[in-house]
Amino acid sequence: MHTKEELYSNKIFFNAALPLVKVIATDVPSLKKQFQKVHAVIQVSALDPDAEGGKVGMHFVVNSDEWLVHLNKVEPHPHVELEFKSVEAMNAFFKGKIGPATLPKMRGVFSHFGAFKAFLMTLLKMSSLLGATEAPKDDATKELMVKCFFYLLSSGISQLNKMGHEDIHEWTSKSPDRVYAWAVNGYPQVSAYLRIKAGKSRAGRGEYKRAMPFFTLRFDSLDSALGILLGTDDMLEAVKKGRLIMDGAPEFGGQLGTYMLEVAALAK
């Protein structure tokens, strides 16, 4: 029997973190080149006796630079697959606890080596971005890192709500139709949002353009964003110095920050 925390972590990895593979593979030129001749179904899965068919997973359908992401769907015959022996083993692996007990079975290593190699390189890049403890030096990597964190946090909060996380679902169930957003001044492409209403939630990438967001956690620069996201900057100090701007009532910023920390804790 899985604990709630293990199930929460697993859902965040499957439905919030792994979809970032597509973002990274299309944004990083060297990785995009690796996928130029790839035409394959690539899957990540975990054996689970409680699941239908005894397995949970998600997969990508990759045709060069065209990607389709299928969440909560196991493909019976993928070309490349990382199959973990349990939900717990998968969680441990993605939290950096790599060893004989957590390593997945790797299928397609020889028959689809190009696809396997490109996917593995992209997973390693994702791990380095999400597991970083300090900001990178170059602006392109800073931009990608902040984008990935924004996407992870917005999707992660939404996934926890859909799983019935007590605090988050209580928050969304009492809420009218509201949009919470993350943004960086001067970088409209580095943004994400979360729309909630009466217990339902939907995460989105980019700016929310149908109306002004109810609350936006806005940073004055990529460095300021990374200071908060990596935990190297004090939030109150950042607000005082204008590096972090709360477009909306501060109490909503604190509430959103609490759920951001919950996602971060489950993913580490």
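These entries record what I looked up in the predicted model.

**Entry 1: the sheet.** I began with the strand order and read it as β3-β2-β1-β4-β5, five strands in an open sheet with mixed pairing. β3 (66–70) and β5 stand at the edges with a single partner strand each, so one side of each has no neighbour in the sheet.

**Entry 2: strand β4 and its partners.** I then turned to β4 (residues 80–84), which runs parallel to β1 (residues 39–47) and is joined to β1 by five bridges. Within this pairing, V44 has L82 as its bridge partner, and S45 has E83. On the β5 side, I found three bridges in the antiparallel sense. There, L82 is partnered by M106.

**Entry 3: cover over β4.** I asked which residues of β4 point which way: V80, L82 and F84 point one way, whereas E81 and E83 point the other. Both sets are buried, in keeping with a count of five buried residues out of five for β4. I next looked up helix α5 (residues 113–130), which packs on the sheet and touches β1, β2 (55–63), β4 and β5. The direction of α5 makes about 50° with that of β4.

Entry 4: I finished with M106, which lies in strand β5 (residues 105–107). M106 has a relative accessible area of 38% and is therefore partly exposed. Together with I98 and L103, M106 makes a nonpolar surface patch of about 290 Å².

Notes:
Residues numbered from 1 in each chain as written. Predicted model: local features only at pLDDT ≥ 70, side-chain atom pairs only at ≥ 80, totals over all residues. Heavy atoms only, no water. Patch = residues over 30% accessible without salt bridge, like charges linked within 9 Å, V, L, I, M, F, W, Y side chains within 5 Å. Areas by Shrake-Rupley, 256 points an atom, 1.4 Å probe, with all protein chains shown as cover. Salt bridge = Lys/Arg side-chain N within 4 Å of Asp/Glu carboxyl O. Helix = DSSP H or I, 4+ residues; strand = E, 2+ residues; numbered from the N terminus. Buried < 20%, exposed > 50% of the residue type's maximum accessible area, 1.4 Å probe, protein only. Pairing = 2+ DSSP bridges. Contact = heavy atoms within 4.5 Å. Axes fitted to C-alpha atoms, helices over the stretch in contact; angles between N-to-C directions.
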